[in-house]
Amino acid sequence: MDDLKQRAADLDAADPLSGWRGRFIIPDGLIYLDGNSLGVLPGNVPARVADAVARGWGEQLIRGWNAEGWMDLPRRIGDRIARLIGAAEGSVICADSTSINLAKVLQAALAMVPERQVVLSDTGNFPTDLYVAQGQLGQAGTLKVVAPEDVAAAMTPEVGVLMLTEVDYRSGRLQDMHGLTDRARDLGIVTIWDLAHSAGALPVDLAGAGADFAVGCGYKYLSGGPGAPAFLYVRPELQNRVSSRLTGWMGHAAPFAFDPDYHPAEGIDRFRVGTPPILSMVAMDAALDVWDGVDMQAVRAKSLSLGDLFIACIDRFASAYDLHLASPRDGNHRGSQVSWHCPDGYAVMQALIDRGVIGDFREPDVIRFGFTPLYLSYAEVVKAAAILQDILRRRTWDQPQFHARARVT
Ligand SMILES: *Cc1c(COP(=O)(O)O)cnc(C)c1O
């Protein structure tokens with residue numbers, strides 16, 4: 001792999017994003033290829049959270065809601081995320097979890113198409129999305145799940161809502177947001193996009209695509225911390241015409257009027273429900289500082305280049321160990337992760353983690369590697385591949401401790 005090592009050195013030397021790594025806290029020697037599951041800690045977060053605890057909570061107490069602007073954080077953070085996903089100001093809030101936000105927008109979407117209570121999704125969608133749809137539809141509608149490549153053809157007249165994840169969590173396959181949204185609009189189908197593996201990973205153009213609703217995750221590429229608040233987007237023209245059925249006082253037009261009757265706030269605020277988790281919001285807000293001045297086109301270019309290099313490395317030994325690429329080889333059809341079907345993949349991943357290379361495992365046999373251009377180098381990618389080859393060659397993974405399943409894989 002010496003030629004690939006040299007290629008990595010050349011790419012690192014010319015990398016316009018290399019300066020960003022210093023803004024993250026990464027344990028020494030760790031090669032972290034799991035920023036698609038939990039992004040690493042931005043260096044400015046600990047002090048901001050410590051200040052929110054000691055000064056905000058400790059000293060300001062209840063006064064903090066006004067003095068610290070806590071009440072506006074969902075909107076302010078939403079606007080910062082909006083810039084990364086091609087959304088207008090005032091069309092995104094940061095709130096709740098992705099699952100809860102999906103339930104909110106799905107209810108709103110279904111209410112727009114009362115005669116067509118059929119939700120179309122694909123088999124590659126993340127299970128929580130499918131569970132949310134099953135729960136929200138109950139006996140009153142149908143969830144239709146087809147193969148990812150069959151989605152366009154499955155937009156039949158009974159379908160009311162198209163609910164897709166742009167980047168498949170397992171394979172990294174990228175759906176055609178523009179094309180499918182256009183087709184849906186022509187057919188009167190309301191669109192919901194889950195951007196869990198898109199936000200901070202690649203340029204997204206929600207407004208340009210004309211998507212109706214979107215949701216996404218704060219703790220993956222955006223590095224907002226474990227269980228960070230998620231986000232929710234509603235197309236500006238729709239905002240005052242739709243509402244969630246998960247209505248709470250924070251989505252009321254005047255929460256502190258304590259009116260017994262619900263009247264939705266104007267705009268995106270009506271999708272708020274309860275009191276925001278301020279300590280987590282502060283962490284999320286601080287984490288977003290890293291993205292100021294980041295060119296998403298440069299992020300995309302490096303992400304694909306990191307993935308291509310990793311594929312080139314693994315290609316050298318894949319057939320000897322029965323590894324099969326589970327992701328599109330063509331970067332135009334791939335998000336920011338690359339996966340392989342790998343026999344005994346769970347144990348192989350545990351052995352890799354034991355050697356300081358963190359990726360993850362997804363059932364049934366997929367080893368998955370995420371590429372986060374702001375803090376990964378090309379040299380690390382080549383090194384990670386060499387360690388994987390060594391583990392496979394020596395069968396290091398075939399030890400009892402690597403087979404025992406943990407609760408989180
Ligand atoms: C990670 C992920 C989620 C996570 O949902 P939570 O409510 O945060 O647990 C949802 N959807 C997709 C597509 C994901 O990849």
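This is a predicted model: local features need pLDDT of at least 70, side-chain atom pairs count only at pLDDT 80 or more; totals for chains, interfaces and linings use all residues.

Colleague: Now the fold. How many helices and strands are in the protein chain?
Modeller: The protein chain contains 13 helices and 15 strands.

Colleague: What does the radius of gyration say about the 409 residues?
Modeller: The radius of gyration is 22 Å, which agrees with a compact globule, because a globule of 409 residues would have a value near 22 Å. Along the principal axes, the C-alpha atoms fill a box of roughly 70 × 55 × 40 Å.

Colleague: What share of the residues is buried?
Modeller: Buried residues make up 55% of the 409 residues. The accessible surface of the chain comes to about 17,000 Å², and carbon and sulfur atoms account for 53% of that surface.

Colleague: Which domains does the assignment give?
Modeller: Domain 1 covers 2-43 + 294-403, and domain 2 covers 69-291. The contact between them takes 35 residues from domain 1 and 25 residues from domain 2. Their C-alpha centres lie 29 Å apart.

Colleague: Let us look at one helix. How many residues of H9 are buried?
Modeller: Helix H9 spans residues 278-288 and is mostly covered, with 9 of its 11 residues buried. Among the buried ones are Ile278, Met281, Asp285 and Leu288.

Colleague: What covers the buried residues of H9?
Modeller: The cover includes strand E3 (41-42), helix H2 (45-60), helix H3 (64-67), helix H4 (73-84) and strand E4 (92-95).

Colleague: A change of topic: where is Gly224?
Modeller: Gly224 sits in the loop between strand E9 (213-216) and strand E10 (230-234).

Colleague: Why does Gly224 count as buried?
Modeller: Gly224 counts as buried because its relative accessibility is 9%, and buried means under 20%.

Colleague: Which residues is Gly224 in contact with, leaving aside its neighbours within four places in sequence?
Modeller: Gly224 is in contact with Gly218, Tyr219, Ala283, Met284 and Ala287. Ala283, Met284 and Ala287 are also buried residues of H9.

Colleague: And how far is Gly224 from Ala298?
Modeller: The two are 74 residues apart in sequence, and their C-alpha atoms are 21 Å apart in space.

How values were computed
Residues are numbered from 1 along each chain as its sequence is written. Side-chain values use heavy atoms; hydrogens and water are left out. Helices (H or I, at least four residues) and strands (E, at least two) are DSSP runs, numbered from the N terminus. The radius of gyration is taken over C-alpha atoms; the globule rule is 2.2 Å times the number of residues to the power 0.38. Buried means under 20% relative accessible area, exposed over 50%, partly exposed in between (1.4 Å probe, protein chains only). Accessible areas come from the Shrake-Rupley method with a 1.4 Å probe; for residues, only the protein chains shown count as cover. Domain bounds come from an automatic or database domain assignment. Contact means heavy atoms within 4.5 Å.
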